[in-house]
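Have the sequence and the coordinates open side by side, and let us walk through them together.

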Amino acid sequence: MGPIETGIAGMVIMFVMIALRVPIALAMALVGAGGTVVLSGETILLRQLQTLAFDQFSLYDLSVVPFFILMGQFAGRSGLSGDLFAGVNAWIGRLRGGVAMAAIGACAGFGAVCGSSLATASTMGQVALPELRRLGYAPALATGTLAAGGTLGILIPPSVVLVIYAVTVESNIVTMFGAALVPGLIAVVFFLAVIRIQVLLKPELGPAATPVPWPEKLRLTLRLAPVVLVFGVVIGGIYMGLFNPTPAAAVGALLVGLYGIGLRLAGRGGLGPAGLKAAMLETTLSTAMIYLILFGAALLQIFLARSGLPQAGAALVRESTLDPYLILVAILALLILLGCLMDSLSMILLAIPFLWPVVAGLDFGLTPEDQKVWFGIIALVVVELGLITPPVGLNVFIINGLARDVPMRETFRGVMPFFAAEILRVALLVAVPAITLTLPRLLGY
């Protein structure tokens, strides 16, 4: 076989390994190492391994990852999710469907300090699902709302996956954060509209909750302050030039940790010694997993570069007569399929090194840097879409595990209106790149 055929064979072997439940980091590392040996020999591989791990893990941009993970761990264990839901629910819970809309708002707020879609779905599901069920919300609407709301964690900055994409394609992390903000807010608006339309058409789907008295409403509103403060310090501090993303993430983790400890001292749960230890341990394990996936992806990229497969794919696309937007739609459909089968981080590291050279060769009338940012946001949105796409949407499985008496088909039925809203959002982002690119330009990035 020639180099390109070897590259294709390696990709097929890797997907077979993933289908057989081999961890994706190991699958990428084995295929990358084996393919490099086949193409270039053992000596070349050993020379690469001498410095690859250090070169990969010593990148300063990656130092932001453990801090953002730690911030999310502190937020999840300090009761911040419950405060978010209670604060938003105090204002809109009295509306028909308002508790479901409050769950979406709380998911957006929690995603801003967590950065993980799966963690957002799991945490907010535990907080909001009991209230939705107590009020008699239709099971499909309740579980579908929480599965869809969980997807907000991946895009609303700060986001670990945004950082990994930026590092992978050598883009500016701060620019990616700015580009993600407006599309993330559009998702929140669309999800709220989906719930409102459903309950207007079928009022029995989402009854209204009892209005909260003003003194209690004001007290619960104050519980939103920590999230507003953390988001303002982290994102505002970055764009005001006070610090770059790594110190910002460290400050955010410190603030959330102090908030959790303060709650503990006030007798409201919060972060005790056991919670702090568990958060540190989970952060270590998650960071190690991410770095291992990065190492496997680096080996795979070396193999693919030597095989010439990405370059051949890019050249084939450039020489074709197909419309660039048609090629982009095909790529996005592939990303949705992959998003059904694996977590967002693994999918980004697996697909982007192969797909970005193809997209970079297409003419959308954008500068190379703008195209990199625009495609990255669209790619992350369709990764979100994969998390709620039948038959293997990971967020749906997480919520279904919390509501075991609700049939899986009911949850998928409930998520379909949100799926349609996400398709509309993707179409808007593809058709109007300014939605993604205007804010970073206004901020000077």
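Arg425 and Glu422 are three residues apart in helix H20 (residues 408–431), so about one helical turn separates them. Helices here are DSSP runs of H or I with at least four residues, numbered from the N terminus. This is a predicted model, in which local features need pLDDT of at least 70 and side-chain atom pairs count only at pLDDT 80 or more, while totals for chains, interfaces and linings use all residues. Residues are numbered from 1 along each chain as its sequence is written, and side-chain values use heavy atoms, with hydrogens and water left out.

Side chains of opposite charge can pair when their charged atoms come close. Arg425 and Glu422 do this in a salt bridge at 2.8 Å, N to O; the term requires a side-chain nitrogen of Lys or Arg within 4 Å of a carboxyl oxygen of Asp or Glu. Arg425 is buried at 1% relative accessibility, and Glu422 is buried with a relative accessible area of 1%, where buried means under 20% and exposed over 50%, with partly exposed in between (1.4 Å probe, protein chains only). Glu384 joins Glu422 and Arg425 in a network of salt bridges.

The whole structure holds nine salt bridges. One of them links Asp83 to Arg223, with the closest N and O atoms 2.6 Å apart. Asp83 sits in helix H5 (residues 80–92) and Arg223 in the loop between helix H11 (214–222) and helix H12 (225–239), so this pair ties together parts that are 140 residues apart in sequence. Asp83 is buried, at 2% relative accessibility. Glu131 and Arg134 form another salt bridge, their closest N and O atoms being 2.8 Å apart. Is Arg134 buried or exposed? At 58% relative accessibility, Arg134 counts as exposed.

Now turn to the largest pocket, which has 27 lining residues, with Gln73, Ser116, Leu118, Ala119 and Ser286 nearest its centre. On a 1 Å grid over the protein atoms alone, a pocket is an open set of points where a 1.4 Å probe fits, with protein on both sides within 12 Å along at least five of seven lines, and lining residues have an atom within 4 Å of a point. Which helix supplies the largest share of the lining? Helix H4 does, with six residues. By type, the lining divides into 14 nonpolar, 10 polar and three charged residues.

Notes. Helix = DSSP H or I, 4+ residues; strand = E, 2+ residues; numbered from the N terminus. Nonpolar A, V, L, I, M, F, W, Y, C, P; charged D, E, K, R; others polar.
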